[in-house]
Amino acid sequence: MSFLTPKEIVSELDKYIIGQDKAKRTVAVALRNRYRRSKLDEEMREEITPKNIIMIGPTGVGKTEIARRISRLMDAPFLKVEATKFTEVGYVGRDVESMIRDLVEAAIRMVKQKRYETVKERAAQNAEDRLVDMLVPNKKSRQQQNPLGALFGMGQQIESAPAETDEEKQKRMTRREETIKNLKEGRLEHLVIEIEVEVNAGSSIEIPGMGGESMGDLLSGILPTKTKKRKVSVAEARKILEQEEAEKLIDMDEVTQTAIETAEQNGIIFLDEIDKIAGKTMGSGPDISREGVQRDILPIVEGSTVMTKYGPVKTDYMLFIAAGAFHVAKVSDLIPELQGRFPIKVELETLGRKEFELILTQPKNAITKQYEALLAADGVNIRFTEGALKKVAEIAQIVNESTENIGARRLQTIMENLLEDIFFNANGIEPPVEVTIDEAYVTEHLKKEEQYQNLQKFIL
Ligand SMILES: Nc1ncnc2c1ncn2[C@@H]1O[C@H](COP(=O)(O)OP(=O)(O)OP(=O)(O)O)[C@@H](O)[C@H]1O
Ligand SMILES: [Mg+2]
């Protein structure tokens, strides 16, 4: 569970998302309340169910971005899923319960990763031991590999095999020591050796109607694991062996148990595009009803038990955050029961020129930084003047207002157009150049846009 305070969560979000303070605060409080609840005694804890949130706001203002960022902040199983992915139970497609199964998978990966951290060193040591055995077989494994040995009874000591003399043994030990040293110092990394790797056949075959269980999962207990000999470098072999050794050291039953518990208690599901399932029927699809999907979601959000291949999983304490633009459908178009399951409604604001200016440069991954880095790779060092950025922000706002408001996504289209020439001409052959993009450059290159003569180009 994350120990970040609401303020810390907000300041992490601030690194990527401009404005939307209310949404950030609301989400931060809900997340912190998970932690607060986890501190209570069981009786009290049972009583407190999360207050689900619905984020409403026009397109391109940061709803999905908030979800993306919190998923990286939280030390809790997190799943982001588009409501439009689901079809009503009984129809071909993903049923809503699959989100719980996916959340459990995410929890298992998370817990397994943590366990992996604790066994990593031992696994590395074991893997190295095995590598040494492969490079300098010890007496026993050499006889097992002896085909004659196999013929006479599975690598048993054979009378005729000459015993190792003390001198031979001494030599072998010295070679082992040297090999260990060479391995440690990375001198053998490129050496090619043959190792046996497990191949799990058919693990990706999905059986329809089996709730996402794959053929491989079902058969893995029945079929013997197949192995295959592969030639790989020592570096690669080490990775494979470390993986194998780690798997041996991790108690998967414990991982599953813990994962289910943490998914139940701390799991967060972000239901994006929820507005797309409002209203009665799906516009284009066949007879899949949106309302049906909403009805299916209802018990999950309310609290029910979903069967997964790891066992039953309770959804009562999971936190659901829904988001949608709701520019066609309204929140009131959702079935009332579902609306009721999201008691906290938070609206995101429309972004304007001031925000755009900040979005261009302030976020850690700001698009101007991205473009600068991309072009620098070809020896073109671009620099934006403040005036240029102001102009871009202004044009973005104007185009949004006069055509379709696509929020911050507009900045991407505009920047692409602005830098098109440079992107096309940079080739990395000519000596590095500096290009300053000032207001005049913007005006010149976005002339058409500013005069709204070519607005079509911007309509996505
Ligand atoms: N407030 C913001 N601060 C910084 N970047 C933003 C902000 N809002 C949107 N962006 C950027 O704009 C793009 C689209 O944002 P996002 O995916 O969050 O839109 P959305 O609100 O989920 O819209 P939709 O309803 O269409 O799904 C992303 O690249 C995001 O980084
Ligand atoms: Mg979105």
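Student: Which residues come nearest to ligand 1?
Tutor: T59, G62, K63, T64 and A408, out of 18 residues around ligand 1. Near means that the C-beta atom, placed from the backbone, lies within 6 Å of the molecule or strand. This is a predicted model, where local features need pLDDT of at least 70, side-chain atom pairs count only at pLDDT 80 or more, and totals for chains, interfaces and linings use all residues. Residues are numbered from 1 along each chain as its sequence is written, and chains are lettered from A and ligands numbered from 1 in the order in which they are written.

Student: Which helix gives the most to that shell?
Tutor: Helix α4, residues 63-73, with three residues. Helices (H or I, at least four residues) and strands (E, at least two) are DSSP runs, numbered from the N terminus.

Student: And which domains does the shell draw on?
Tutor: Domain 1 (6-107 + 257-347) and domain 3 (353-455) each give at least three residues. The bounds come from an automatic or database domain assignment.

Student: Switching to the sheet. What is the strand order?
Tutor: β2-β5-β8-β1-β9, an open sheet of five strands with parallel pairing. At the edges are β2 (78-82) and β9 (344-347), each pairing on one side only. Strands pair if DSSP finds at least two bridges between them.

Student: How many bridges join β2 to β5?
Tutor: Five, with β5 covering residues 268-272. F78 stands opposite I268 in β5.
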